[in-house]
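Please look over the sequence and the model shown here before reading on. The notes that follow are a short briefing, grouped by topic.

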Amino acid sequence: MTKSYYNAIQCVIALSVFLVVSAIALYGSPVNASIINISKAGTENSTFSDMINLEKVLLQNNLNLTSESTYTKSLTVSEYDKLKNCNTETDKRPTSIEYLTFFNCGHIVSNHNNSESQTTREFTLIVSENSSIPIASNGLIFSPAWTFNGTIPGPTMRVTEGDIVKIKVINPSESNHTHSMHMHSIHPGDMDGVEGPSGFIEPGQNFTYIFKAGPYGVYPYHCHVTPIDQHINNGLYGALIIDPKTPRQNMSEMVMMMNGYDLDYEKEGVGPSRIPTPEEYREDYMPQEFEHGNEVYTVNGKAFDYMENPILIHQDTNYRIFLINMLEFDQVNSFHLHGNVFKYYPSGTSKTPSFINDILTLGQGDRGIVEFSYPYTGYYMFHSHINEFSDLGWMGLFKVME
Ligand SMILES: [Cu+2]
């Protein structure tokens, strides 16, 4: 890390300490404010300063984590959604800070058939090819970005295993390209976003993807129209969380989507999206070498966002990260947590961790669940251990308080 960054960190720390002290003086102990009843999660008004937005968000949502909660009675859909911190403002476009804890659980339609109840969750994703996305605090704007619902990454859709999921993807008539949505997880081929109508939503058209959610886990979704690297680089992707019917251990949860931006993709040329023909090969002609590469790397869309706005968490408290790698052009990405180790659940498809580590290396599209608790207070970095990526934006800070 460069000296200027250490200086920046010191400034951030000094400013944050000042804000915290001021907030405590004004509003009382943040520790007391953070302990709220599970049944009130997501509805309690924060008593913390608005100046530290993320702290407010996390304090609002911090559940009582002193017990190792297990669930013996079955929860209603609305109880479970409250526990999962589902945001009711499904039309809202979260900022990159809000994105961390912003779960869109869709519009719920419940059907009761005798003793069986079936939950259907409906989502709408509207494509834009003309979005402007702030990707760094220095004023850098990614434009024109292609987005689902106006943000990069697109909305985090959160459902429960067994739910019927309906995702309507609208490609407006102003678009110049065909798009689609391909989500990982189990579903029929005609809902896969590749072949047939699900794979080619032309401008002015829409398609509704319908599937029964399963298995539980954490998945990416993204446009699957060729050249896919262009459609992904421009921003058409997001996270899909399928929760188990019986909840995981209760803890505060975050989404971290690792991505990058090739800012001059169009100038460098679109592709490659095909192999050479036999004639081209015989004539010693090979398609142009494309040198696509990212100039900016982030977690959740904006470079250095969580360095400039450290994420407040508490000592001896459990946290869960749904971590997804949507980086294009680089073979791998990594996640390293300072001063700690974490449990890792590949793809989140098991409740038993596969290993305990302080670093995780993921290929394109790979993802999983990270869980940890800090025994000591202090500031701790999390970042790609590929230091080029860190220097170009992919680093953040946890501020661990008592
Ligand atoms: Cu597309």
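Two strands are said to pair if DSSP finds at least two bridges between them, and strands (E, at least two residues) are, like helices (H or I, at least four residues), DSSP runs numbered from the N terminus. This is a predicted model, in which local features need pLDDT of at least 70 and side-chain atom pairs count only at pLDDT 80 or more, while totals for chains, interfaces and linings use all residues. Residues are numbered from 1 along each chain as its sequence is written, and side-chain values use heavy atoms, with hydrogens and water left out.

**Strand E5 and its partners**
- Strand E5 spans residues 164–171, and its covered face consists of Val165, Ile167, Val169 and Asn171, whereas Ile164, Lys166, Lys168 and Ile170 make up the uncovered one.
- With strand E2 (residues 116–134), E5 pairs in the parallel sense over seven bridges, and Thr124 has Lys168 of E5 as its bridge partner.
- With strand E7 (residues 205–212), E5 pairs in the antiparallel sense over eight bridges, and Val165 has Phe211 of E7 as its bridge partner.

**The copper ion**
- Donors are N, O and S atoms within 2.8 Å of the metal (3.2 Å for Na, K and Ca), and sites may look incomplete because water is not among the atoms.
- The protein donors of the copper ion are His179 (ND1), Cys223 (SG) and His231 (ND1), which lie 1.9 to 2.1 Å from it.
- Along the chain, the donors of the copper ion follow the spacing H-x43-C-x7-H.
- His179, in the loop between E5 and strand E6 (182–183), and Cys223, in the loop between strand E8 (217–222) and helix H6 (228–233), are 44 residues apart, and the pair links distant parts of the chain.

- Buried means under 20% relative accessible area, exposed means over 50%, and partly exposed lies in between (1.4 Å probe, protein chains only).
- His179 counts as buried because its relative accessibility is 1%, and Cys223 is buried with a relative accessible area of 0%.
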